[in-house]
Structure formats: C-alpha cells, structure tokens
Amino acid sequence: MISDKISMAIGAAGGLAFGFAVFTTVNAVWWLPDAKEEARAIERATMQAATDKAVGELSNEADKARFNRRMCRERGGVYLNSTGQCLEGATVPHG
C-alpha cells in the first residue's frame, strides 16, 4: 500500500517533469519565434504608419507655407519664413 502511494507520487512527478519539458520545448521551438515575428511585423507596420503620417503632415505644412507665402507676396507683403508671418507694406531689409 505504501509502495503504491510512493510509486504514484514518483509517476506523478515524472509526468509533471515530462509535461513541463514538452511544453518548454514546444514553446521555445514554435510559439516564441512566431510571436516574436508577429510582434516585429506589428511594430514595423506601426512605425511605417507613423512615418507616413509625419511625411503627410510635413507635406501639408509645406503646402500651407507655400500658399501663405504666395498670398503674402500677391498682397505686396514680405513673408517671414522663420515665423510664418506676412508683413504687409514692409520692405525687404538689405543687409
């Protein structure tokens, strides 16, 4: 009777160790590499979307600046690139 309980405990411990070894192997060989690649793909897509958005915003800002500069000149003003202001009726400083 006692030997049956000891055998059962040893079998349970061996089964637990075997199950842990199999799960760890499957995790290390299949699941982790796939999860890492999926995370990298998501990160690449996120970074590409952010880059595309930033480029679009820069392009829109440049278009706005060109439009404002043209409108300022058509009204006879001086457009200051550094501030984006139009000084109407101003003269261009000569330095």
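Mentor: What follows goes from the strands to the helix and then to the chain as a whole.

This is a predicted model, in which local features need pLDDT of at least 70 and side-chain atom pairs count only at pLDDT 80 or more, while totals for chains, interfaces and linings use all residues. Residues are numbered from 1 along each chain as its sequence is written, and side-chain values use heavy atoms, with hydrogens and water left out.

The part you ask about comes at the end of the α-β-β order, read from the N terminus. Helices and strands here are DSSP runs numbered from the N terminus, with at least four residues of H or I for a helix and at least two of E for a strand. Strand 1 covers residues 77-80 and strand 2 residues 85-88; the two run antiparallel and are joined by 4 bridges. Two strands count as paired if DSSP finds at least two bridges between them. Across the pair, Tyr79 of strand 1 is opposite Cys86 in strand 2.

The two strands make a hairpin, with 4 residues between them. In its turn, Gly84 has a positive phi of about 75°. Ser82 also belongs to the loop between strand 1 and strand 2. Is Ser82 buried or exposed? Ser82 counts as exposed because its relative accessibility is 72%, where exposed means over 50% relative accessible area, buried under 20% and partly exposed in between, with a 1.4 Å probe and protein chains only. Looking back along the chain, Lys53 is 29 residues from Ser82, and their C-alpha atoms are separated by 24 Å.

Helix 1 spans residues 2-74 and includes Asn27. Asn27 is partly exposed, at a relative accessible area of 24%. Leaving aside residues up to four places away in sequence, Asn27 touches Leu32 and Pro33; contact means heavy atoms within 4.5 Å. Between Asn27 and Met47, 20 residues apart in sequence, the C-alpha distance is 28 Å.

As to the whole chain, its C-alpha atoms fill a box of roughly 110 × 20 × 20 Å along the principal axes. The radius of gyration is 35 Å, whereas a compact globule of 95 residues would have one near 12 Å. That radius is taken over C-alpha atoms, and the globule rule is 2.2 Å times the number of residues to the power 0.38. Of the 95 residues, 4% count as buried.
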